[in-house]
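Hi everyone, thanks for coming. Today I'd like to walk you through the aromatic side chains and the nonpolar packing around them.

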Amino acid sequence: MESRARKDFSEGVLAYTAGGSGVAIGYTVGGYLEYAITSRLSVRVGIDVSRRRYRYDVSESRQDTAFSTLTGENRIVYMAIEAPAAVLYHFDYGPDNDRFLVGVGGTLARWVGDPLMETTFYFGSSNRPPFTYSPYSLRLFGGYEHYIADRFVVGIEPFVSYAPTPTEFHLEHSTVAYAAWEAGISLRLRFDN
């Protein structure tokens, strides 16, 4: 989570809020279909349900110097339905049919339901929604697959994801908090027929 200055910030207000840095934690559960085009190249598509929890610092300052700057925290939770797709390249099989892979893909997402919001200060404008959700993201990942039975493969895939149009939170007067980068680890259980 990061914050940047708002373009429409007006200096005439008596008090204004500013966001700081923060962290987002989430999880995703879903199902996928993977089709092998060749022995090394495959495509993967699926559907996920994802839950995101954002937390970041916020402060309130007043033009009247008799008031000290107050600090607090914003917590925002929402769920999304996502449609991921990826192209994967598999390296040669190793001992016990283990192998490494790399992939590139993307995710289309749309939020579902109203987000939960806990905020210390809220001075957002009533004529705009307090959130702008990222419509899609791009993902780069690597991985390792291991057969645990004749037909079942377990995999671990660290990833980095970037949203060109980041999720933004318009809860402060002088800044906009946003999340553009994600990193994580995917654990997969695959049925190989």
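Searching the whole structure turns up 10 aromatic pairs. By a pair I mean rings of Phe, Tyr or Trp (its six-membered ring) with centres within 6.5 Å; planes under 30 degrees apart are stacked, over 60 edge-to-face, and the rest tilted.

Please keep in mind that this is a predicted model: local features need pLDDT of at least 70, side-chain atom pairs count only at pLDDT 80 or more, and totals for chains, interfaces and linings use all residues. Residues are numbered from 1 along each chain as its sequence is written, and side-chain values use heavy atoms, with hydrogens and water left out.

Back to the pairs. Tyr54 and Tyr78 are stacked, at 6.0 Å centre to centre with 15° between the planes. Tyr54 belongs to strand S3 (residues 41-62) and Tyr78 to strand S4 (residues 70-90), so their pairing ties together parts 24 residues apart in sequence. Strands here are DSSP E runs of at least two residues, numbered from the N terminus. Buried means under 20% relative accessible area, exposed over 50%, and partly exposed in between, using a 1.4 Å probe and protein chains only.

Next, Phe131 and Phe169 pair edge-to-face, 5.5 Å centre to centre and 90° between the planes. Phe131 sits in strand S6 (residues 131-132) and Phe169 in strand S8 (residues 152-169), so this pair ties together parts 38 residues apart in sequence. Phe131 is buried at 11% relative accessibility, and Phe169 at 0%.

Now the core. The largest nonpolar core has 12 residues, including Met1, Ile76, Leu171 and Phe169. Such a core is a set of buried Ala, Val, Leu, Ile, Met, Phe, Trp, Tyr and Cys residues joined through side-chain atoms within 4.5 Å. Two or more residues come from each of S3, S4 and strand S9 (175-191), and S4 gives the most, with 3. Apart from this core lies another, of 5 residues, among them Ala86, Leu88, Leu101 and Phe159.

Conventions:
Helices (H or I, at least four residues) and strands (E, at least two) are DSSP runs, numbered from the N terminus.
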